[in-house]
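User: I would like to learn how to read a few features of a structure. Please take me through them one at a time.

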Amino acid sequence: MTIDGELVVFIICGGLTVIGALGMVLSRKAVHSALFIAMVMINLAILYVANSAPFLGMVQIIVYTGAVMMLFLFVLMVVGVDSSDSLIETIRGQRLFGILFGVALAVLLAGGIGTALTDKGDVGLDAANEEFGGNVEGIANLIFSDYLFAFQATAALLITAGLGAVILTHREAWKPKVTQKELSVARFMVGAGHPGNKPNPGVYARHNAVNTPAILPDGSLALDSVPEPVRSRDDSLIIDHRVVSTVVELVEGEDQN
Amino acid sequence: MDPVYYIYLATVLFSIGAVGVLVRRNAIIVFMSVELMLNAANLVFVAFARMNGNLDGQTVAFFVMVVAAAEVVVGLAIIVQVFRTRQSASIDEPNLLKY
Amino acid sequence: MTVMPAEGLFSLMWLLIALPLAGAAILLFTGRRSNSWGPYLGVMTVCASAVLGVLLLIEMMGLPTEERAITQVAYQWVFVGNFTVDLAFQLDQLSMVFILLITIVGSLIHIYSLGYMSHDPDKRKFFGYLNLFVAAMLLLVMANNYLLLYVGWEGVGLASYLLIGFWQHKATAAAAAKKAFIINRIGDVGLSLAIMLMFVTFGSVTFSDVFGSATQASEGTLTAIGLLLLLAAAGKSAQFPLQAWLLDAMEGPTPVSALIHAATMVTAGVYLIARSNVIYNNAEWAAMAVIVVALITIFMGAIIGSAKDDIKKALAGSTMSQIGYMMLAVGLGPIGYVFAIFHLVTHGVFKAGLFLGAGSVMHGMDDNVNMRRYGALRSVMVITFITFMAGYLAIIGIPPFSGFWSKDEIIHAAFERGWFIGGAAVLAAGITGFYMTRMVAMTFFGKKRWESDVHPHESPAVMTIPLIILGLGSTFLGMALLFWGDIESWLEPVVGYESEPTPLPTSAYIGITLTFVIAGAIIGWISYARREVPVDAPSGNWLTRAARRDLYGDAVNHALVVAPTNYAARALVWCDARAIDGFVNGSAAVVGGLSGRLRRTQSGFIRSYALSMVGGAVLVLLALLLVRI
């Protein structure tokens with residue numbers, strides 16, 4: 001019994017494609033959707049190859065999955081990786097009718113196409129691919145002769161799209177740009193804070209914790225030396241070691257007495 | 001194997017993409033659903049190229065990819081700009097052009 | 001009777017109309033600048049037309065009888081396909097009689113108005129309108145086709161409206177003018193329809209064409225034309241059922257009442273029927289209808305005239321009745337046409353004299369029209385009294401005054417037709433004797449019933465001279481026309497004349513008539529000259545009350561025409577406001593409501609729009625697939 005290899009490929013890749021598509025539509029986190037659609041595209045590339053379109057399959061992986069989907073992921077990073085949709089639908093009837101129309105669309109298209117194409121047959125692309133000595137050459141021949149105008153037009157389109165992106169994401173400078181010189185000057189102004197490095201937390205013979213602040217020359221505590229996360233959590237965590245030492249001595253003195 | 005099955009698969013993918021556009025609220029996921037629909041169309045072209053025996057379908061699919069790329073560039077730029085001003089990527093957010 | 005072209009003096013016949021028309025134009029368009037000399041110009045134009053008329057008469061009398069119809073074409077007016085109508089005049093014996101009546105009586109009244117309207121600030125306009133009236137009336141009688149006659153017909157209607165409502169500030173005058181015009185208009189519908197019917201039947205509206213081929217039309221068509229012309233004549237001549245306007249028309253100045261509503265305009269109806277004698281000769285039922293209308297009107301006018309205390313309204317009722325006599329005569333057919341015209345001429349003269357005399361009395365009594373406030377004026381206003389008595393004797397038909405000759409011929413012709421019509425005419429003559437004697441007794445005899453601040457005096461010469469001339473006419477014109485002028489044979493070529501035998505000899509009928517007349521006069525004398533005339537009108541019996549209310553003519557008009565029209569108008573207004581406006585506003589509201597609902601679909605949500613797109617795509621696919629199946 002000869003198993004039709006193509007059928008196997010179709011079932012596996014096709015199945016994965018559908019699973020990926022559903023996953024994309026149904027995931028809560030946007031990053032998961034992006035990954036699912038990448039999966040769909042790679043499977044589609046395999047199907048293209050199965051249909052004697054190797055060039056197109058490679059282009060699908062390189063351009064579509066590799067460039068376009070990565071672009072999607074970059075934008076997701078800008079927008080917020082962990083942003084997730086709430087499940088409550090705000091427009092009344094949207095979900096119900098959306099699914100209804102989607103199903104209707106699928107059924108009608110399938111039914112219509114099916115009845116139209118029952119005896120279409122399969123010519124295969126062996127002859128077409130051989131004509132110019134390969135699939136790439138054949139597509140090249142078509143692009144540069146029959147579809148030359150479309151080719152030029154899409155080229156212009158790409159340039160325009162690039163320009164458009166630049167213009168669309170342009171940020172107007174409302175304030176004058178702050179130069180490095182101005183930043184340095186500001187750092188050394190009176191009352192601006194520490195010109196130099198911030199002090200490390202105090203490390204002493206008896207206390208080497210992060211929550212032990214350093215002591216300034218005049219005897220006050222340098223609270224800036226305590227790292228931000230500690231400082232912001234709870235002020236009671238900051239311990240003045242001198243007080244601790246004095247207390248310890250008193251306690252030890254008592255113990256000795 | 002009858003290449004019509006590829007067409008059926010593309011139909012299913014297209015419908016799933018359409019439902020995704022209608023149902024999801026995150027703008028980027030809606031955009032991805034549109035990409036899915038374009039890919040389904042590409043699959044149809046490739047299958048027909050095989051059924052008809054010439055490479056025109058593949059050429060058109062190629063051009064579709066180019067156009068989809070350009071469209072993604074511009075679309076995402078817009079989404080980024082909207083996000084910068086409104087701090088929200090919901091597609092229900094720009095709803096002022098109404099009665 | 002052949003129609004001759006105009007030569008020699010006759011080529012000036014258009015001047016008859018042009019002179020008064022030019023006078024009217026000058027007076028009305030120069031405005032206040034002509035205030036001083038305007039009235040005199042008005043008088044001159046009509047007198048010039050009168051002189052020309054007399055000259056034309058002398059010329060015409062020199063022509064042989066068959067050649068006395070002369071036509072002059074002034075302008076080719078309508079030429080559409082086969083239908084041509086010219087602005088053309090026809091001068092024949094019938095129109096000659098009318099021309100003389102209109103211009104001579106018209107000039108006398110113009111001269112009278114110089115005195116009567118001397119204190120009126122708008123007298124220039126008055127003479128302008130009077131000239132316009134004379135021009136239009138002359139156009140009416142000189143037209144050689146029905147369409148031009150219609151122009152003159154409308155013209156006199158317009159002039160009548162302008163003159164009745166001359167004192168516009170008086171609401172009653174304005175209302176009376178409107179009433180006259182509207183009722184006239186109803187009659188005019190009859191004339192227009194008759195002209196249209198003539199065009200359809202004969203293809204032309206010229207007199208010679210219509211009368212030449214009248215016998216070829218069916219009797220039904222001729223009856224219809226006859227009835228429509230009767231409707232027109234009833235409107236213009238104030239016959240039943242369109243008589244209601246004549247009494248109200250007395251709101252106008254007295255010269256207007258004399259000229260228009262006694263001598264000329266109201267006789268236009270008689271002229272129309274006399275001119276169309278060929279049609280009536282061939283349509284028995286139409287002629288019968290004329291007789292019926294005439295009989296009703298004779299009695300209506302007489303009864304109304306007997307109960308009015310306003311001297312002008314009493315004279316108006318008398319006019320209505322006398323014109324009824326003329327209509328009776330034309331309704332009788334060829335046995336009566338000439339007498340109708342004869343009575344028309346004599347009536348024009350003596351009624352104008354009576355009206356001008358009434359005007360003179362009013363002038364002396366400080367414009368008071370109430371006869372109950374007159375009395376014993378014969379010694380104070382002698383010339384007025386004598387001329388008024390001449391007219392009085394003429395109208396009741398005492399020989400040898402003019403009215404006797406004409407009215408008795410009519411009564412004789414009525415008896416030629418039958419006992420009933422003749423008897424009715426005689427009875428009405430008796431009532432005429434009664435009410436005219438009543439008028440004369442209340443005004444000139446009896447005791448003085450004057451108001452305290454009234455000092456009656458004779459009128460100035462400019463007013464009394466026309467009175468004297470008309471008084472002489474009332475006395476002698478009848479004999480002159482009958483014996484010296486031989487009016488019957490003069491008019492015969494135009495209207496035809498027949499005579500039928502009667503059971504009794506002519507003198508018997510004269511005797512019966514005179515008996516009734518004198519009896520009526522005696523009753524009137526006893527009631528009003530011998531007995532005290534109360535200053536406040538007593539309530540009287542039901543006939544008196546009905547007569548004071550114009551025999552309920554106004555009430556009938558109101559119920560039949562005015563009230564339904566008002567109701568219809570109100571109904572239409574309601575319909576317009578509720579139904580039509582409601583429909584329009586309602587449809588606008590529906591559109592508004594619909595658009596209000598529809599705009600809610602534009603929610604601003606992109607996903608909703610996308611949903612509708614997908615829905616649309618599904619529908620398109622469905623349609624495509626269904627078509628394939």
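Predicted model: local features only at pLDDT ≥ 70, side-chain atom pairs only at ≥ 80, totals over all residues.

User: How many helices and strands does chain C have?

Analyst: Helices (H or I, at least four residues) and strands (E, at least two) are DSSP runs, numbered from the N terminus. Chain C has 24 helices and three strands. Chain B has three helices and zero strands, in the order α-α-α from the N terminus.

User: What share of the residues of chain C and of chain B counts as buried?

Analyst: A residue is buried under 20% relative accessible area, exposed over 50%, and partly exposed in between (1.4 Å probe, protein chains only). In chain C, 57% of the 629 residues count as buried; in chain B, 66% of the 99 residues do.

User: What share of the contacts in each of these chains links residues 24 or more positions apart?

Analyst: A contact means heavy atoms within 4.5 Å. Among contacts with a separation of 6 or more, residues 24 or more positions apart account for 81% in chain C and 60% in chain B.

User: Which residues make the nonpolar surface patch?

Analyst: Patch residues have over 30% relative accessible area and no salt bridge; like charges are joined within 9 Å, and nonpolar side chains (Val, Leu, Ile, Met, Phe, Trp, Tyr) within 5 Å. A salt bridge is a side-chain nitrogen of Lys or Arg within 4 Å of a carboxyl oxygen of Asp or Glu. Areas come from the Shrake-Rupley method with a 1.4 Å probe; for residues, only the protein chains shown count as cover. Here the patch covers about 810 Å² and is made by Ile3(A), Leu7(A), Val8(A), Ile11(A), Ile12(A), Leu16(A), Ile19(A), Tyr5(B) and Tyr8(B). Helix 1 (5-26) of chain A gives the most, with six residues. Ile3(A) lies in the segment before that helix and is exposed, at 63% relative accessible area.

User: Is Ser49(C) buried or exposed?

Analyst: Ser49(C), in helix 2 (residues 38-61) of chain C, is buried because its relative accessible area is 0%. Leaving out residues up to four places away in sequence, Ser49(C) touches Leu15(C), Leu16(C), Leu19(C), Pro20(C) and Thr103(C).

Note on methods: Residues numbered from 1 in each chain as written. Chains lettered and ligands numbered in written order. Heavy atoms only, no water.
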